[in-house]
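Hi everyone, thanks for having me. I'd like to walk you through one protein model today, a few spots at a time. Please have a look at it first.

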Amino acid sequence: MARRLVLHIGAMKSGTSFIQNVLSAHKDSLAADHDVLWPGKRWRQQVSAVQDLIERGGPGQEPMADDGPWNRIAAEVNDWSGDAIISMEFIGPREGRKIHQILDSFPDTDVQVVMTARDLARSIPAMWQESVQNNATATWQEFLDDVRREDMSKRGPGRWFWRHQGIARMCAEWQRRAGQDRFTLITVPPSGADPALLWTRFTDFVGLPADGVSLEVASNPSLGIASAMVMRELNLALADAGLGRMDYQQRVKHPIAKNGLAHRARLEPKLGLDAEWVMERGLREVETLRSLDLRVVGDLDELAPRPVRGVHTDDITEEMQLQAAVDALAAAVERYPHGKIGRAHVCTPVTDVSRMPSSA
């Protein structure tokens with residue numbers, strides 16, 4: 001059995017990809033030099049394991065296979081004698097039985113749960129930009145309005161956002177289920193801070209030296225505004241194409257968004273947010289976090305929102321969107337010279353975008 005498991009549960013857009021990529025890049029040295037297991041041959045196997053956990057094994061769900069993705073990862077951890085780390089942000093919103101299902105997978109191990117989080121003003125734009133890379137069609141203003149309503153009773157971008165960014169709610173749930181001494185919140189440093197500081201905070205918690213590793217790893221940058229608007233239009237155009245989740249990731253998200261549009265983010269204006277309600281709502285979230293008496297690495301004051309400088313989508317011209325679209329097409333052609341994206345040729349989309357956009 002593993003001596004200790006550090007279970008990094010998110011939240012989304014809180015530096016998770018950076019931490020995961022550094023750990024992946026140093027998988028071998030972590031095991032050899034520090035007796036720390038980063039399970040799975042690739043981090044993608046941790047993603048598959050968590051998806052398996054979410055979709056199976058609960059009430060009304062198919063049972064989990066003994067040799068399924070989650071149980072394989074759990075077995076690898078349970079067969080290890082040192083420490084282990086699992087990091088996947090989809091774990092964060094789990095509740096009740098699913099949390100106990102996770103903890104019960106490691107019955108003889110000290111499971112230490114850690115959440116990373118950043119302030120609301122930076123999280124809202126990042127989550128909209130992330131949503132359009134996952135087939136969402138809400139405009140920026142529609143997304144913002146729905147987040148402000150916080151109506152958890154119906155599907156939409158607001159419910160999706162707060163499910164993944166209700167930091168105080170997730171902290172309270174995990175702290176209650178795992179135990180106060182087994183839960184830690186790491187705050188993401190404010191904009192302009194040393195990029196290495198988040199890694200230092202994470203390694204301080206884990207008990208690893210912060211130096212001796214390269215932090216020059218692939219990042220997961222948010223899209224620029226024009227690129228995000230192009231992705232939203234593309235999602236509308238593909239609405240009737242019948243793309244499942246995996247098809248969308250292989251044929252749209254990765255070749256067009258991640259490998260095309262994301263690389264031009266520095267060329268585009270930044271999406272700004274300076275709404276009074278965001279500042280007030282963010283401060284309430286911080287005060288709720290204080291009331292939980294959490295173990296914190298960093299400072300809860302860093303989660304107090306500050307205005308994000310930038311522009312609105314209304315300031316983005318059609319010419320700027322056109323240039324982004326052309327760049328994405330060029331990147332796709334260069335990356336897939338034989339005309340294939342993923343495992344299949346790109347379909348001919350239905351391009352009726354005159355209808356009103358649907359919710360994310």
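So, are H6 and H7 oblique or parallel to each other? Before I answer, a word on where this comes from. This is a predicted model, in which local features need pLDDT of at least 70, side-chain atom pairs count only at pLDDT 80 or more, and totals for chains, interfaces and linings use all residues. Residues are numbered from 1 along each chain as its sequence is written, and side-chain values use heavy atoms, with hydrogens and water left out.

Back to the two helices. Helix H6 covers residues 120-131 and helix H7 covers residues 140-149; their axes come within 10 Å and cross at roughly 125°. The helices (H or I, at least four residues) and strands (E, at least two) are DSSP runs, numbered from the N terminus. Axes are lines fitted to C-alpha atoms, for helices over the stretch in contact, and angles run from 0 to 180 degrees between N-to-C directions. H6 and H7 are therefore oblique to each other. Here is the scale: under 35 degrees is roughly parallel, over 145 roughly antiparallel, 65 to 115 roughly perpendicular, and the rest oblique.

Who does the touching? On the H6 side, the contact is made by Ile 124, Pro 125, Met 127, Trp 128 and Ser 131, and on the H7 side by Trp 140, Phe 143, Leu 144 and Val 147. Contact means heavy atoms within 4.5 Å.

Now for a second pair. Helix H1 (residues 16-25) packs against helix H10 (residues 196-206) at an angle of about 65°, with their axes 10 Å apart. That makes H1 roughly perpendicular to H10. From H1 come Phe 18, Ile 19, Val 22 and Leu 23, and they meet Leu 198, Trp 199 and Phe 202 of H10.

Let's move on to charges. Side chains of opposite charge can pair when their charged atoms come close. We call it a salt bridge when a side-chain nitrogen of Lys or Arg is within 4 Å of a carboxyl oxygen of Asp or Glu. How many salt bridges does that rule give? The count comes to 24.

One of them joins Glu 95 and Arg 169, with the closest N and O atoms 3.5 Å apart. This pair links distant parts of the chain, 74 residues apart: Glu 95 sits in the loop between strand E3 (83-87) and helix H5 (96-104), while Arg 169 is in helix H9 (residues 167-178). Glu 95 is partly exposed at 42% relative accessibility, and Arg 169 is partly exposed at 31%. For those labels, buried means under 20% relative accessible area, exposed over 50%, and partly exposed in between (1.4 Å probe, protein chains only).

Glu 173 forms a salt bridge with Arg 176 (3.2 Å, N to O), and another with Arg 177 (3.1 Å, N to O). Arg 176 and Glu 173 are three residues apart in H9, so about one helical turn separates them. Arg 177 and Glu 173 are four residues apart, also about one turn. Arg 176 is exposed at 55%, whereas Arg 177 is partly exposed at 26%.

My last stop is Val 230, in helix H11 (residues 225-237). Val 230 is buried, with a relative accessible area of 15%. Leaving aside neighbours within four places in sequence, Val 230 is in contact with Gln 321, Ala 324 and Ala 325.
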